[in-house]
Amino acid sequence: MTQPIHILLVDDDPAENLIMRGLIKKVSSVEIHLHYCQTIDAALDFIQAGTPVSMVLMDNRLQQCDFRETVPALRQQGYIGPIGVISSSLADPYFQKFEEYGADFRIDKGELDPTAIEFILREYVTRA
């Protein structure tokens with residue numbers, strides 16, 4: 001039996017949580033549990049609480065900061081799993097240096113669909 005995959009979505013827009021939940025329901029190849037935090041502080045508390053997290057999907061911009069601050073904060077907290085930066089636009093030049101900040105991949109929110117989610121899980125999440 002395959003263990004469920006736990007994805008932590010960090011996004012300050014609650015509508016993105018609803019959209020992601022709808023997409024994840026369409027992924028049939030694996031059981032996914034989606035956890036949601038609106039702020040980086042809530043995400044850091046969630047990680048510190050010891051809840052299993054297979055992968056983090058981090059919105060590019062949260063209130064006054066972006067992934068160049070939030071992703072390193074997760075890494076400093078001790079999270080070693082894959083982190084993907086999601087954004088409605090990947091046009092800014094700093095997205096080309098996402099790996100320097102500890103992110104594993106980036107994807108446009110418009111490209112997220114069940115097929116993309118399954119691909120990301122195959123590429124970045126090791127299942128025991």
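Select helix α3, residues 67-76: its buried residues are Phe67, Thr70, Val71, Pro72 and Leu74. Buried means under 20% relative accessible area, exposed over 50%, and partly exposed in between, with a 1.4 Å probe and protein chains only. Helices are DSSP runs of H or I with at least four residues, strands are runs of E with at least two, and both are numbered from the N terminus.

This is a predicted model: local features need pLDDT of at least 70, side-chain atom pairs count only at pLDDT 80 or more, and totals for chains, interfaces and linings use all residues. Residues are numbered from 1 along each chain as its sequence is written, and side-chain values use heavy atoms, with hydrogens and water left out.

**Around α3.** Now show what covers those buried residues. The cover includes α2 (40-48), β3 (55-59), β4 (61-62), β5 (65-66) and β6 (83-87). Then step past the helix to Gly78, which follows α3 and has a positive phi, near 105 degrees.

**Strand β6.** Select 83-87 next. 5 of the 5 residues of β6 are buried, so the strand is largely enclosed by the rest of the structure. In a regular strand, side chains alternate between the two faces of the sheet.

Which strands run parallel to β6 over 4 bridges? One is β3, joined to β6 by 4 bridges. Pick Met58 and find its bridge partner in β6, Val85. The other is β7, residues 105-108, which pairs with β6 in the parallel sense, again over 4 bridges. Here Ile86 stands opposite Ile107. Two strands pair if DSSP finds at least two bridges between them.

**Zoom out.** The protein chain has 4 helices and 7 strands. Along the sequence they follow β-α-β-α-β-β-β-α-β-β-α. The radius of gyration is 14 Å, close to the 14 Å of the globule rule for 128 residues, so the chain is as compact as a globular protein of that length. That radius is taken over C-alpha atoms; the rule is 2.2 Å times the number of residues to the power 0.38. Draw a box along the principal axes: the C-alpha atoms fill roughly 40 × 30 × 25 Å. Buried residues make up 48% of the 128 residues.

Finish with contacts, meaning heavy atoms within 4.5 Å. Among those between residues at least 6 apart in sequence, 66% join residues at least 24 apart.
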